[in-house]
Amino acid sequence: MTYVPLPERRSLRENLGNMMGATGRFVADLMREPLGRAGFIVVMLLILIAIFAPLIAPYSPTRQALGSALQAPSATHWLGTDEYGRDILSRLIWGTRITMQTILSISAIVGPVGLIIGVTAGFFGGRIDAVLMRFTDIVLSFPSLVLALAFAAAMGAGLQTAIIAISLTAWPPVARLARAEALVVRNADYVNAARLYGAGKLRLIFLYVVPMCIPSVIVRLTLNMATITLTAASLGFLGLGAQPPSPEWGAMISAGRRFMLDQWWVALMPGFAILLTSLAFNVLGDALRDVLDPRYTRK
Amino acid sequence: MDTTLSIRDLSVRFAQGSVRAVDGVSFSVSSGKIGIVGESGSGKSTLGRAIMRLLPPSASISADCMTFGEHDLLRASEKDMRKLRGSVMALIMQDPRYSLNPVLPIGRQVAETAILHKGMSRKEAGEAAAAMLERVRIRDVTRVMQSYPHQISGGMGQRVMIAAMLLARPRLVIADEPTSALDVSVRGEVLELLDDLVCADGSSLLLISHDIRMVAAFCDRIIVMYQGRIVEEVTQLRDASHPYTRALIAAMPDPRHPVRRLAVPDRAKLERG
Amino acid sequence: MIRIRDFNVRYRSGKTENHVVRGIDLTVAQGECVGIVGESGCGKSTLLRCLVGLESGWTGNIEIDGQSLGAVRGKDDLRRAQMVFQDPFGSLHPRHRIGRALSEPLRCMGLPGSPQRVAAALKEVGLPASFAHRFPHQLSGGQRQRVAIARALIIEPPILLLDEPTSALDVSVQAEILNLLSDRRDERGLTYLLVSHDLAVVAHMCDRILVMQNGVFVEELTPDNIRLAKATHPYAQHLMDVSLLSDAL
């Protein structure tokens, strides 16, 4: 195969400028709507908090101070302390790291896997499609919590187990979506034209079909992140996620539920963090759909 | 009843652009068939929708006057317009597949207009619908009334649309490319049907199309639009004098006058003149 | 150049069989332009798509340039015939610049390509070389159709199959595209097979016109027949009458 350069390659700076321009426009589109703006800002904040947790957190998330256990929110401990006297705000801030890590690693696995399985099924159709989609259906019927329990039994509980267990069960919706998109795109005239000039199967899939499926997959993934946040917290609550003393939000609720009636803040604060995070991803996903997938625009 | 549609200096502008999609259009129709011809972007469809007040909220309409009989279409409230649409004025659109509700049987959709605008009971409306479908020459009326839009052909779908739109005997019918989605052999039938139904009642028909020959053959008057403006109004293509109209006619291949190359309009010159 | 014998297309779904094209014979000589007219569903587009191998499920014998074709097409087979599609909005990759759209066929066919080659291809269809940097959505329908023609011609096929190439375009743009197609044919001695529902377009472009109904050719006409509105088969006559409706009135 001979390499054909693009006519008059543009300078790097020009390309970069274009990319920056496109990103800027994209963010501007996202910011136009109040809800989308709110979701985007909250998610950005969460990411910043996760990155700069050591700088932001006023106290250590793990150092115990039994003398000041179960203190109500006050000027020194804004969100109060837990049963070991640890500052809840600091634990939440460090917990953001765990949550973001979980969400990003799961999305990084689920996105490509779902995309490739779905596009392959949709592009080839026929028997390949039937086999792949039945397999997807089977996986879809697995409850991720039960699978995680099995995994924990086999591999020992921990954050990695949780990530693997959730990833294994979270790709089918992405695959189904990618397949539906691929079914439409594979019959587009530009793909047919590419067949006529002899483009190979791999080239057709990765350069012609996949790029068209990516926007809706990103939207789906963002919406999925809300669900992942909840599932990860549930696993933590059951003691199958990150192990103590790491400040995992679900585990924090689980620990705080003993004091629910008298020291409500111990369980409520992490619950609120989970709510805020999953809401932010949902709202952001909705706004992304408006920007990336104009077919479903709400206006 | 006065059934004159009269429009003076109508302009339509869309929020984003400063370009006028329709720019200072004036004409009036009291009866008969009027054709509005233009290429895409000429503003012909926008004009039709502006008269029906069916433009999106981002569009701003301004005019010295836009009236239909005693109704002031410029100032009528949305509620008044809803009453007018379907009963006094009707719009027939290009593709019947998108204008019919896919989950309702044909018969009920046609009868709906009669229930809404004539206050008929469901039974009366059903009978009226059957009679109307017969008038648009649908053979097996009972079967068609029970079928769903996907079960009928495009030509039949368009006839069903016409039946639904004309059931309440509107005084003004705007047909926006009513035949473009149809095969050539059904086009003639649909046009004849419109002619029979609309003009027999002394109503007026505004036929919007890109096909200047078809419009010329069918309509009493032809209005030619270019870039939002009316460039000329003629009764016969032979009389066309504006360079744009002449260019449009010359650009169409005509089997009776074969040419080696087709004449292409000189856009730069048109824009200057 | 093209020889089709006893050509059938059947689609089976469950027990019902849809016989789309029924035993067609067709021969197109080198440098000839043959038109097929018919209404939606008559099988004219299916025939074209089978010729280039986009559709399977056909039986019969297809020969292009003396080579018999099977269901699977190699690069040499593909280089003999290219196709221009109806919808100028769907036929270009939305994320590829025009330059990329034109260099992809060369790359896939293993042909040498250069910016000059792309610029020349653009010039051939009446577009400036600077269009190579644009995306399809920055072009008008007519300009996109020009790019689609350039893309089909860039690998220099002797045969061009045209599937309703102008029916999505305005009359004046249609005239430009038809002129472009005639010019390229005169220049390169191309063979065209043009499918359209518009009798006037086919009569303007073609040396011979085949009228297709329900999967068979019912009549063969010359432009002269159409000029005089004379046909022997009733369906062909009907099609002619309604197509030239405006002239009758």
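Student: What makes up the place where α2(A) and α4(A) meet, residue by residue?

Tutor: In this predicted model, A:L46, A:I47, A:I49, A:A50 and A:I51 of α2(A) meet A:I93, A:T96, A:R97 and A:M100 of α4(A). By class, the residues of this contact are seven nonpolar, one polar and one charged.

Student: How are α2(A) and α4(A) oriented to each other, and why are they described that way?

Tutor: Helix α2 (residues 34–51) of chain A packs against helix α4 (residues 88–124) of chain A at an angle of about 110 degrees, and their axes lie 8 Å apart. Angles of 65 to 115 degrees count as roughly perpendicular, and α2(A) and α4(A) are therefore roughly perpendicular to each other.

Student: How do you know which pair of chains has the most contacts?

Tutor: Two pairs of chains touch, and the most contacts between them belong to chains A and C. That contact takes 24 residues from chain A and 35 residues from chain C, and the area buried there is about 2700 Å², of which carbon and sulfur atoms give 63%.

Student: What makes the pair C:E104 and A:R203 a salt bridge?

Tutor: The rule asks for a side-chain nitrogen of Lys or Arg within 4 Å of a carboxyl oxygen of Asp or Glu. The side chains of C:E104 and A:R203 meet at 2.8 Å, N to O, and the rule finds one salt bridge across the interface of chain A and chain C.

Student: What makes C:D186 and B:R260 count as a salt bridge?

Tutor: Their side chains meet at 3.0 Å, N to O, which is to be set against the cut-off of 4 Å. The count between chain B and chain C is two salt bridges. On the side of chain B that touches chain C, the elements giving two or more residues are α8 (184–200), α9 (212–218) and α10 (243–251) of chain B, and the residues of that side divide into 14 nonpolar, three polar and nine charged.

Student: How do you know whether chain A and chain B are joined or apart?

Tutor: Contact means heavy atoms within 4.5 Å, and no contact joins chain A and chain B, whose closest C-alpha atoms lie 11 Å apart. Chain B is in contact with chain C, through 26 residues of chain B and 29 residues of chain C.

Methods
Residues are numbered from 1 along each chain as its sequence is written. Chains are lettered from A and ligands numbered from 1 in the order in which they are written. This is a predicted model: local features need pLDDT of at least 70, side-chain atom pairs count only at pLDDT 80 or more; totals for chains, interfaces and linings use all residues. Side-chain values use heavy atoms; hydrogens and water are left out. Axes are lines fitted to C-alpha atoms, for helices over the stretch in contact, and angles run from 0 to 180 degrees between N-to-C directions. Helices (H or I, at least four residues) and strands (E, at least two) are DSSP runs, numbered from the N terminus. Angles under 35 degrees count as roughly parallel, over 145 as roughly antiparallel, 65 to 115 as roughly perpendicular and the rest as oblique. Ala, Val, Leu, Ile, Met, Phe, Trp, Tyr, Cys and Pro count as nonpolar, Asp, Glu, Lys and Arg as charged, and the others, Gly among them, as polar. Buried area is the accessible area (1.4 Å probe) that two parts lose on being put together, summed over both.
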